[in-house]
Amino acid sequence: MGDSKRRPLAGRRSVLLGMAGLASAALTACADRGGTTQPSTSSTSPPAPMSHRTGPAVPPPSIATRSSEQAAAALAPAVPPKSIPDKQQIVAEFAGRQPKEWGLHVTGVVNNSRSHHVALTFDACGGPGGTGCDHALLNTLRRHKVPATLFINSRWLHANPSLSAELALDPLFELANHGTAHLPLSVNGRAAYGIHGTATVAAAYDELMGNQAILQEISGKAPQFFRPGTAFYDDVAVEVTRRLGMLPVNFTVNGDGGATFSAATVAAEVGRAAPGDIVISHFNRPAAGTAGGYARALPQLLDQGVTFTRLGDVLSP
């Protein structure tokens, strides 16, 4: 990148570094296994976490197989930015609400874009061992001119301020919100994969908006999409997400099993993506098989006529 393009980044890098204290309390306590100690309200244990899965991912049910109410809620628009309430309003509005759903596929979560394109999404989770960057993967996307949506956690942002600013300026990518402390999004502390979720409506607000403010400073606009740490939500937290102007997004294809799949498995999983699918993978673990798998899968998919899109080009909050 030439000097003429680098100069504007200095201001955004300074803003990002200056905002490092915005979520410091949450980040100080947070490790890969979560940062809270509230007991889980879960009555059943969730499946093995993405980071521990060793076999091919089982695709979740598409939006077409869900109830008409769930499908309509998933495609309904979020609150326009001009109407976004503050923390006090959110806490008052959702006080006393009890969740009825919990998981990857709950009412109001977008799992399938229902478009004619495949949406590739990549998470950067941050935390111990997760603050790297898979430059080989990003270069593969750039070489093939394949757009993608990057869900970035604030821990990764703080570890990579210059790179974050540069990604924000790359028109091939759009930045999305992956949470402040990388926690499941809950209003009662329910856990997923042994990680306790946000314990209250106020905590859910902080998990959503702490990172939203940082991303907005970097990119100059508020991110449109959110995916929580572990990708688990409850239905009340989903409503809070939408009330704050973001679409809660998950996936139909698990491309790299939390960056644990071999390159061959990644190629097979990503290679089965079809129009409307949202694929989840990771770009924060360069030693994984993710880059190698995409290097194999993308040319084959492009030869088959598959087209790719950013979420913002096919979904509207």
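Modeller: The account below begins with the model as a whole, turns to the loop residues, and ends with the helices.

The model is a predicted one. Its average pLDDT is 82, and 74% of the residues score at least 70. Over residues 1–75, however, the pLDDT is below 50, although this stretch has 146 contacts in the model beyond near neighbours in sequence. Where pLDDT is low, the predicted coordinates should not be read in detail.

The protein contains 11 helices and 12 strands. Among its 317 residues, 55% count as buried. Its accessible surface comes to about 12700 Å², and carbon and sulfur atoms contribute 54% of that area. Of the contacts with a separation of 6 or more, 83% are between residues 24 or more positions apart.

Is histidine 182 buried or exposed? Its relative accessible area is 11%, which is under the 20% limit, and histidine 182 is therefore classed as buried. Its backbone also deserves attention: histidine 182 has a positive phi of about 60 degrees, although it is not a glycine. Most residues other than glycine have a negative phi. The side chain of histidine 182 makes a polar contact of 3.1 Å with the side chain of histidine 178. Setting aside residues up to four places away in sequence, histidine 182 touches Cys125, Asn153, Arg155, Glu207, Gly229 and Thr230.

Alanine 231, in the loop between strand S7 (225–226) and strand S8 (233–234), has a positive phi of about 70 degrees and is not a glycine. Alanine 231 is buried, with a relative accessible area of 2%.

Phenylalanine 283 lies in the loop between strand S11 (278–282) and H11. Which residues does phenylalanine 283 touch, not counting those up to four places away in sequence? They are Phe122, Asp123, Ala124, Gly132, Cys133, Asp134, Leu137, Leu138, Leu150, Ile152, Trp156 and Leu167. With a relative accessibility of 0%, phenylalanine 283 counts as buried. One of its contacts, Phe122, is 161 residues away along the chain, yet the C-alpha atoms of phenylalanine 283 and phenylalanine 122 are separated by 5.9 Å.

Threonine 307 has a relative accessible area of 35%, between the limits of 20% and 50%, and so is partly exposed. Apart from neighbours within four places in sequence, threonine 307 is in contact with His116, His117 and Val118. With histidine 117 there is a polar contact of 2.6 Å between the two side chains.

Ile90, Glu93 and Phe94 of H4 meet Val236, Glu239, Val240 and Arg243 of H9. An α-helix has 3.6 residues a turn, so residues three or four places apart point the same way.

The two ends of H4 complete the picture. At the start of helix H4 (residues 87–94), a side-chain oxygen of aspartate 86 reaches to within 3.3 Å of the backbone nitrogen of glutamine 88. Just after H4, glycine 96 adopts a positive phi of about 85 degrees.

Terms used: Residues numbered from 1 in each chain as written. Predicted model: local features only at pLDDT ≥ 70, side-chain atom pairs only at ≥ 80, totals over all residues. Heavy atoms only, no water. Polar contact = N/O pair within 3.5 Å; in protein donor to acceptor, adjacent residues only side chain to side chain. Helix = DSSP H or I, 4+ residues; strand = E, 2+ residues; numbered from the N terminus. Buried < 20%, exposed > 50% of the residue type's maximum accessible area, 1.4 Å probe, protein only. Contact = heavy atoms within 4.5 Å. Areas by Shrake-Rupley, 256 points an atom, 1.4 Å probe, with all protein chains shown as cover. pLDDT = per-residue confidence, 0-100.
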